[in-house]
Amino acid sequence: MNFIAREAELKILDKQYNSKSSSFVAVYGRRRVGKTELIDYFIQTKNCPSFRVTGAYDTTLKSHLDNFANKLSLTFGCEKYDFDSWDEAFFLLQKNILSVKLQDDCKFTIFIDELPWLAQMKNNGFKSALSLFWNDFASKRDDIFLVVCGSATSWIINHIIEDSGSLANRVTGIIHLNAFNLKETKLFLLNLGHKGLSNKTVVDYFMVLGGVAHYLKLLDPKNSFVQNIQLLFFTQNGVLRTEYNHLFRSLFKNHKVHETIVKYLSTSWSGLRMVELGAKKDLQVGAVLSGALRELEESGFLVKRFKYGQSKRDTLYSLCDPFIYFFTKWVNDTALISLQQNPFYFQKIFKSQSYKSWSGFAFENICHSHILQIKYALSIGGVITSSHYWSQPTKEKEKQVAQIDILLKRDDDVINMIEC
């Protein structure tokens, strides 16, 4: 199977690997988006010595240290160590790297996957040990290629990329890995063996799964769109029925706030302002709400949209993750007993008028996430633009509004009004 897309990200990795000094690359992005696959593929193309360790969610420090010791033993062929701290773990990693003789144009690669889980998203000694390893050893050489990765986006940003302590300004390369766009999703599905895919079918899949690589891999090329979604979401053993419950608690320390925000935003296609969210039950305007909104935005679950010609207080927070939109609307409240009694549950949903109406809003969401592609289709790809929403209550009935789906303000003094 060919490796699809990610050309820009592979160029960044290659540039860092070929630099004349050691490199420290941070990769972050939404859960299941393909971060590990990207780095694994790149490492395989280099065919040089490497050490890899992966964090596990909700695991003890002792288990993490034992796993690190196992990886050292397997990588270097040494005896299995028994250590009690991350300082010891990184010291022994350093000691074993010193015993490796590297060929010309080859760097020793260290891949730390799901780093926030290894650090247990708190101060357990991992971050300080990592900083000592980099500052006192790796950065003093020119043959170390360190890649750290994590789905807990806000943790990676705050504690690695924008750290103000011992890791301040140490990162030499940053990759924010996004989900596939529509074009890349189609190429990925074709590469997985899906034949005769129409653009309409690709859009149908995108409205449910987005361009999330792991979700797309779960689709059976032999099945239709309706059959695949039925199997993944609307059967007792559907693989993605439990994904939503794990999505937030594995990424955010105080995940209850994030889940509450998403619950309210999922009821409003256009989005909600900060003051409207703050008035909801279990939420209030303040540092906690602002921080959670920022973390959801950094993780790719929501976007900020700005009303044309209005003040900052009119900023709308809107969900942009297709999987969340679909799950909260059609899956979240389905009872297992109903699925057991109705083996074609999704087929009825798919043919309903409610689903057609929902698809219209879901397609609008896709358009908002493909502004650049729309610009190229309009032959204005090189023009600087900003996108806005616009709505105005009508005089006749206060609850009815005039609305423009996307208002594209251009630097060449033209405004495009786009109806999705």
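Analyst: Keeping in mind that this is a predicted model, let's start with helix 1, which passes helix 2 in a right-handed crossing. Helix 1 brings Glu9, Leu10, Leu13, Asp14 and Tyr17 to the contact, while helix 2 answers with Leu38, Tyr41, Phe42 and Lys46. Sorted by class, that's six nonpolar and three charged residues, with no polar ones.

Asp105 sits 59 residues from Lys46 in sequence, yet their C-alpha atoms are 9.7 Å apart in space. You'll find Asp105 in the loop between helix 4 (86–97) and strand 3 (108–113). With a relative accessible area of 78%, Asp105 is exposed. Leu98 belongs to the loop between helix 4 and strand 3 as well, and at 53% relative accessible area Leu98 is exposed. Leaving aside residues up to four places away in sequence, Leu98 touches Phe137 and Arg141.

Back to helix pairs. The axes of helix 9 (residues 199–209) and helix 11 (residues 225–233) come within 11 Å and cross at roughly 15 degrees. That angle is why helix 9 is called roughly parallel to helix 11. The crossing of these two, helix 9 and helix 11, is right-handed. On the helix 9 side the contact uses Thr201, Asp204, Tyr205, Val208 and Leu209, and on the helix 11 side Phe225, Asn228, Ile229 and Phe233. In this contact of helix 9 with helix 11, six residues are nonpolar, two polar and one charged.

Next comes helix 13 (residues 255–265) against helix 15 (residues 287–298), with axes 10 Å apart and a packing angle of about 75 degrees. So helix 13 lies roughly perpendicular to helix 15. Val257, His258, Ile261 and Val262 of helix 13 meet Val288, Leu289, Ala292, Leu293, Glu295 and Leu296 of helix 15. Here the tally is eight nonpolar, one polar and one charged.

Among the buried residues of helix 19 are Tyr355, Trp358, Ser359 and Ala362, along with Glu364, Asn365, Ile366, Cys367 and His368.

Last, two spots where the backbone deserves a glance. Most residues other than glycine have a negative phi. Asn169, though, has a positive phi of about 60 degrees without being a glycine. Asn169 lies in the loop between helix 7 (153–161) and strand 5 (173–177), and at 76% relative accessibility it counts as exposed. Ser379 is not a glycine either, and its phi is positive at about 60 degrees. Its place is in the loop between helix 20 (371–377) and strand 8 (385–393), where Ser379 is exposed at a relative accessible area of 66%.

Definitions and conventions:
Residues numbered from 1 in each chain as written. Predicted model: local features only at pLDDT ≥ 70, side-chain atom pairs only at ≥ 80, totals over all residues. Heavy atoms only, no water. Buried < 20%, exposed > 50% of the residue type's maximum accessible area, 1.4 Å probe, protein only. Helix = DSSP H or I, 4+ residues; strand = E, 2+ residues; numbered from the N terminus. Axes fitted to C-alpha atoms, helices over the stretch in contact; angles between N-to-C directions. Parallel < 35°, antiparallel > 145°, perpendicular 65-115°, else oblique. Left-handed = near helix turned anticlockwise from the far one by under 90°. Contact = heavy atoms within 4.5 Å. Nonpolar A, V, L, I, M, F, W, Y, C, P; charged D, E, K, R; others polar.
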